[in-house]
Amino acid sequence: MMTKIKMKKTTMTKADSKTKTDSMTEGNTAERALSLSVSPELLLEVARTLESAPSWVIFSHLKLDGDALGTATALFEAGTVLLNKRVRWVGPDPVPPSYFFLPHTDKYVAQKEYSFDSEDDLYIFLDSANEDRGVKGLQKRSPSTVVLNIDHHGDNSRFGTLNCVDSGVSSTSELLWHIMTAAGWTVTSPIAECLYTGIVADTGGFTFSNTTRTTHHVAADLLGRGADPTKISSSMHQNRSLEGMHLWGVALGRVCCWGDHSQFSMSWLAREDFKLTRALPSDTEMLVNQMLLIRGVRFAVLLTEDDEEKVKVSFRSKEGIVTAASVAHMLGGGGHPRAAGAHLSMPLDKAILAVREILEKAYAEWVAADR
Ligand SMILES: [Mn+2]
């Protein structure tokens with residue numbers, strides 16, 4: 001059930017108040033009412049849990065994206081600067097260089113496992129649909145530890161001891177803004193920059209169907225607090241390595257389309273392609289989205305060989321076709337309706353055939369259901 005929450009005034013510094021004149025806090029009440037499926041009480045409970053823990057450990061999911069980074073850096077900044085917490089931040093994969101402009105990325109520690117054994121630490125998972133998406137070890141945690149799960153994936157497994165999950169928001173960054181403002185934390189200029197980055201990343205620059213009026217309200221507030229859209233966009237998008245562009249060239253050169261109006265597109269990358277171009281695994285970010293730019297294409301698939309007999313599959317879909325999430329689920333993966341993924345343990349050539357077969361099946365079922 002959707003409940004309405006009202007935006008709360010946040011604590012403003014003198015510097016903030018100068019930019020506040022056009023802020024939403026001065027609009028009429030109806031204009032200020034924003035849709036959120038989590039209750040105001042839960043937002044406050046999350047904030048109070050954060051405030052009362054002396055020390056935080058923030059966990060990011062594998063293959064860090066802009067939303068994972070935006071939320072982790074925003075929370076790192078809030079914890080260390082506003083709330084005087086001891087904060088650590090870990091995840092299984094390195095931070096992609098295009099996000100080094102965000103604060104605190106130098107404090108991130110890449111590690112595959114963690115021992116969840118401290119009762120003084122609050123364990124915070126951001127943007128992670130389940131515990132398998134991050135560092136290993138949570139299953140072996142001490143029973144008295146507190147695990148906070150803040151996320152916007154519809155298939156979130158509610159693995160935390162406190163779960164704040166809303167699949168109606170564009171991004172975990174948007175949800176974190178609601179938590180911070182509900183709690184009355186000052187959304188400082190560095191925090192605004194981090195959260196705006198996460199929203200831009202997960203909405204494809206406010207173009208995906210998860211972009212709502214509320215998303216724009218939150219983004220407008222973040223601009224008012226000092227986020228610089230030009231700087232953020234050029235850091236994120238106009239910051240690709242030559243090696244990464246060569247890798248895109250390889251994948252885009254292989255795209256094939258099929259189906260009615262050529263509505264499906266598919267491409268693949270082998271480990272050899274990374275070696276030849278000297279590109280990094282993170283260079284594939286946003287690549288599958290380019291395959292939706294082709295006229296007529298409504299569903300795009302990119303297969304990336306990431307280990308011996310291990311293949312990562314990324315799906316993107318538009319409106320009016322079987323969803324990316326439903327195809328990913330059939331392959332044991334998950335994600336959002338229009339952006340999802342799966343991992344297959346098989347050689348790349350077999351994975352290409354398997355994905356194509358499942359996709360045909362999912363599409364036939366979708367057509368038969370007369371949607
Ligand atoms: Mn996200």
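Mentor: Start with contact: two residues are in contact if their C-beta atoms, placed from the backbone, lie within 7 Å. Now the ground rules. This is a predicted model, in which local features need pLDDT of at least 70 and side-chain atom pairs count only at pLDDT 80 or more, while totals for chains, interfaces and linings use all residues. Residues are numbered from 1 along each chain as its sequence is written.

Trainee: Among contacts between residues at least 6 apart in sequence, what share joins residues at least 24 apart?

Mentor: In this protein, 67% of those contacts do.

Trainee: Where do the domain bounds fall?

Mentor: Domain 1 is 3-237 and domain 2 is 242-368. Such bounds come from an automatic or database domain assignment. The C-alpha centres of the two domains lie 28 Å apart. Nine residues of domain 1 are in contact with eight residues of domain 2. By class, the side of domain 1 that touches domain 2 has three nonpolar, four polar and two charged residues. Ala, Val, Leu, Ile, Met, Phe, Trp, Tyr, Cys and Pro count as nonpolar, Asp, Glu, Lys and Arg as charged, and the others, Gly among them, as polar.

Trainee: What makes β5 and β8 edge strands?

Mentor: Take the pairing rule: two strands pair if DSSP finds at least two bridges between them. The six-strand open sheet has the order β5-β4-β3-β6-β7-β8, with parallel pairing. β5 (109-110) and β8 (162-165) each pair on one side only. Hence the label.

Trainee: How do you know that β3 pairs with β4 and β6?

Mentor: Count bridges. Strand β3 (residues 55-59) has five to β6, and five to β4 (residues 86-91). Both counts meet the threshold of at least two bridges. W56 is the bridge partner of L122 in β6, and F59 that of V90 in β4. On to β7 (residues 146-151): β6 pairs with β7 over five bridges, in the parallel sense. There, Y123 is partnered by V147.

Trainee: Why is β6 called mostly covered?

Mentor: A residue is buried if 20 or more other C-beta atoms lie within 10 Å of its own, exposed if 12 or fewer, and partly exposed in between. In β6 (residues 121-126), five of the six residues are buried. In β10 (residues 264-269), six of six are. F264, M266 and W268 point one way from β10, and S265, S267 and L269 the other. Over the whole protein, buried residues make up 43% of the 371.

Trainee: What sense of pairing does β10 have with β9 and with β11?

Mentor: Antiparallel with β9 (residues 256-258), over three bridges. C257 is the bridge partner of S265 in β10, and L269 that of T304 in β11. The hairpin of β9 and β10 has five residues between the strands, and G259 takes a positive phi near 90° there.

Trainee: Is I358 buried, exposed or partly exposed?

Mentor: Partly exposed, because it has 17 other C-beta atoms within 10 Å. I358 is found in helix α13 (residues 348-368). Leaving aside neighbours within four places in sequence, I358 is in contact with V327, M330 and L331.

Trainee: At what angle do the axes of α5 and α6 cross?

Mentor: Roughly 145°, and the axes of α5 (residues 172-183) and α6 (residues 189-203) come within 7 Å. T172, S173, E174, L176 and W177 of α5 make the contact with L195, G198 and I199 of α6. Axes are lines fitted to C-alpha atoms, for helices over the stretch in contact, and angles run from 0 to 180 degrees between N-to-C directions.

Definitions and conventions
Helices (H or I, at least four residues) and strands (E, at least two) are DSSP runs, numbered from the N terminus.
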